[in-house]
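Colleague: I am new to this structure and would like to learn how to read it. Could we take the sheet, then the helices, then the pocket?

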Amino acid sequence: MNMKFEKIRVDHCVPFCENPFKVRDDFAMELLVQSISDYGVMFPILVRPLANGTYETVSGHRRIHACKKAGVEMIPAFIRPMDREEAVICMVDSNLQREGLLPSEKAFAYKMKVDALAHQGKTSVQVGQKSSRGLVAADVGESETQIQRYIRLTYLIKPLLDLVDEGRIALS
């Protein structure tokens, strides 16, 4: 793996395209901003270099947002060249352990990872391997049926998806 570590400019980081995880200005963000103001960024972000000299954020969207709010201009980063599918898998895996994820965040993340695994060609039900949904299910400790339920949420119109996120409509 060709990865290097250095401090990069916060304003050279762009969000991951179609990032399903929301960055919220809530109490947890206030705590993160205060921590970064007091101690700096303790855990480096993960980015992939883009052709125009900027970096696409794979992991660390919240830390970047907190740095901007705290007025911090440089952030420690692991810079790793990777294709889109690798970046999707890293982005999803690095965020799914977070607490308080909305059903819609899980839904779009699972769909992105399933699609990325299928696109990589690493799964084939024909030769006895697990399907991409099966691999995602095993990775996150859910059943394949539950993964499919989440993925179905991605086809809902926004008002209905908001009701699921608010807990007013059940996932099943």
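Colleague: In what order do the strands of the open sheet lie, and with what pairing?

Modeller: Keep in mind that this is a predicted model. In general, strands of a sheet pair through backbone hydrogen bonds, either parallel or antiparallel. Here five strands form an open sheet with mixed pairing, in the order β1-β5-β3-β4-β2. β1 (4-9) and β2 (13-14) are the edge strands, each pairing on one side only.

Colleague: How many bridges join β3 to β5?

Modeller: Three bridges link β3 (residues 45-49) with β5 (residues 74-79), and these two strands run parallel. Within that pair, Val47 has Ile79 of β5 as its bridge partner.

Colleague: Which strands does α3 touch where it packs on the sheet?

Modeller: α3 touches β3 and β4, and its direction makes about 40 degrees with that of β4. As for α2, this helix lies across β2, β3, β4 (55-59) and β5, and runs at about 120 degrees to β4.

Colleague: Now the largest pocket. Which residues lie nearest its centre?

Modeller: Arg62, Arg63, Asn95, Gln97 and Arg98 do, out of a lining of 20 residues. The elements giving two or more residues to that lining are α1 (27-39), α2 (61-70) and α3 (84-95). The largest share, three residues, is from α2. The space in this pocket is about 420 Å³.

Colleague: What classes of residue does the lining of the largest pocket have?

Modeller: Five of the lining residues are nonpolar, eight are polar and seven are charged.

Notes
Residues numbered from 1 in each chain as written. Predicted model: local features only at pLDDT ≥ 70, side-chain atom pairs only at ≥ 80, totals over all residues. Heavy atoms only, no water. 1 Å grid on protein atoms, 1.4 Å probe; cavity = no way out; pocket = protein on both sides within 12 Å on 5 of 7 lines; lining within 4 Å. Points joined across faces, edges and corners; volume = space filled by probe spheres on them. Helix = DSSP H or I, 4+ residues; strand = E, 2+ residues; numbered from the N terminus. Nonpolar A, V, L, I, M, F, W, Y, C, P; charged D, E, K, R; others polar. Pairing = 2+ DSSP bridges. Contact = heavy atoms within 4.5 Å. Axes fitted to C-alpha atoms, helices over the stretch in contact; angles between N-to-C directions.
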